[in-house]
Amino acid sequence: MCRFSALLSRPLRGSLITEVVRPARAISSCIDPSIGLSEDQKDFQKVAFDFAAREMAPHMAEWDEKEVFPVETMRKAAQLGFGGIYVRPEVGGSGLTRLDTSVIFEALSTGCTSTTAYISIHNMCVWMIDSFGNEEQRYRFCPSLCSMEKFASYCLTEPGSGSDAASLLTTAKRQGESYVLNGSKAFISGGGDTDVYVVMCRTGGSGAKGISCIVVEKGTPGLSFGKKEKKVGWNSQPTRAVIFEDCVVPVANRIGSEGQGFRIAMKGLNGGRINIASCSLGAAHASVLLARDHISVRKQFGEPLSNNQYLQFKLAEMATRLVASRLMVRTAAQALQEERSDAVALCSMAKLFATDECFEICNQALQMHGGYGYLKDYAVQQFLRDIRVHQILEGTNEVMRMIVARNLLQD
Ligand SMILES: Cc1cc2nc3c(=O)[nH]c(=O)nc-3n(C[C@H](O)[C@H](O)[C@H](O)COP(=O)(O)OP(=O)(O)OC[C@H]3O[C@@H](n4cnc5c(N)ncnc54)[C@H](O)[C@@H]3O)c2cc1C
């Protein structure tokens, strides 16, 4: 039985009202993210919103400013089943669907987008091990990752291979029952602070078919990390290079067979794209509410800004873009769950559309705050900074266009 079943049978505690997640007025009906969900989905959405309001929102500015990786908060999130949301229950996961997962990440993201985005990457890594690992690997790695006793990182990008990920150069040479890894990964989320590195590396010839997926554990001799990167946003999670120098890893840590690594990495990213788009939805949702409340109380020219029809129209456009984005993301999540043939393209479309639109929503929300929106005392600027990178990672939005076009032209 998944942990949510136990959770849902308990009465939920009342949520703490915070400025970011629960503004003065209730969530407006037309952008209410619970519309159309099942009763179970509404219940765990409420759990996620409450967690975001109580455990994350009060700290998000401090985590950003002091660059805190909130390990204990994430472990509390894992107690609610958020460490392995779409991982199978027998290895500690919650066994929920892709749509359920999207609903949860959207809600959590209203409390801290950067932290939620890391949790989403962690979930993707655990799912890859659960889905493509053998029984021994699933039971060895997944339980401590689902509980977030341990944390995971996804290692694909290299200094010389970003969008062209299949050209990666990190090698894993087989020597008896071990692989010897050499090379380096760039921009790794959680890098240096996490325990389990899911590494795409070359065991064969050039191209995608020469790539395998190998788990490297922190503490393995030959594994080291670059300096912590200084970033525009996503400051509650570290980003570092991950370096392998004659790093010896048992063959038993290879996930799937030799040559399957690129396929495993891309399968992980299909869900990852839904998840990261969901994080953008949460940031945009929170930003719409913040803008609405700001223009309702801020007076200029002798009346509230909300009386101005230009700003009313802007608010309506933001709400429309938000709901359109959510529909795209939830449709793609459903397609992925059903393993439909259009799922890969729909996940790419949803990621492209939602991350672009939600960034525009946050930018407009900041504009509606006037000068105050540019101050760090106001949460809207952090949502903007945190979601900018969603247009770049898990495949840039240009790569998303390539995937969609390829799908259209292959017929
Ligand atoms: C904060 C942060 C965290 C990250 N976390 C991770 C992580 O955990 N794991 C991981 O593996 N990676 C991670 N990444 C890396 C990320 O996935 C890459 O930055 C991304 O894939 C783009 O690669 P690149 O930076 O090398 O850009 P490039 O590939 O050099 O692209 C530069 C620009 O050119 C465009 N471009 C490239 N090729 C084409 C083309 N054929 N047609 C049109 N436009 C093109 C790109 O879209 C982009 O706009 C992270 C990045 C950041 C910034």
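Modeller: Helices and strands here are DSSP runs, numbered from the N terminus. Please note also that this model is predicted.

Biologist: Understood. Which elements each supply at least two residues of the shell around the ligand?

Modeller: They are β1 (152-155), β3 (178-189) and α12 (397-409).

Biologist: And which residues come nearest to the ligand?

Modeller: Of the 21 residues around the ligand, the nearest are G162, S163, S189, T396 and E398.

Biologist: How do the residues of that shell divide into nonpolar, polar and charged?

Modeller: Eleven are nonpolar, eight are polar and two are charged.

Biologist: You mentioned S189. What is its bridge partner in β7?

Modeller: The partner of S189 there is T239. Strand β7 covers residues 239-250, and its antiparallel pairing with β3 runs over nine bridges. Strand β6 (residues 223-225) also pairs with β7 in the antiparallel sense, over three bridges. Within that pairing, F225 has V242 as its bridge partner.

Biologist: Let us change topic. How many residues does the largest nonpolar core have?

Modeller: It has 123 residues, and M200 and V198 are among those with the most contacts inside it. Helix α8 (residues 261-297) gives the most to this core, namely 17 residues.

Biologist: What does M200 touch, not counting residues up to four places away in sequence?

Modeller: M200 touches C155, L156, L168, I211, C213, G261, F262 and A265.

Biologist: Finally, which residues does UniProt list for the C-terminal domain?

Modeller: An unreviewed UniProt entry lists residues 259-409 as "domain: Acyl-CoA dehydrogenase/oxidase C-terminal". In the model, that span is 75% helix and 3% strand, and its end C-alpha atoms lie 27 Å apart.

Methods. Residues numbered from 1 in each chain as written. Predicted model: local features only at pLDDT ≥ 70, side-chain atom pairs only at ≥ 80, totals over all residues. Core = buried A, V, L, I, M, F, W, Y, C linked by C-beta atoms within 7 Å. Buried ≥ 20, exposed ≤ 12 C-beta atoms within 10 Å, placed from the backbone. Helix = DSSP H or I, 4+ residues; strand = E, 2+ residues; numbered from the N terminus. Contact = placed C-beta atoms within 7 Å. Near = placed C-beta within 6 Å. Nonpolar A, V, L, I, M, F, W, Y, C, P; charged D, E, K, R; others polar. UniProt positions renumbered as here; feature names shortened; annotations may be inferred. Pairing = 2+ DSSP bridges.
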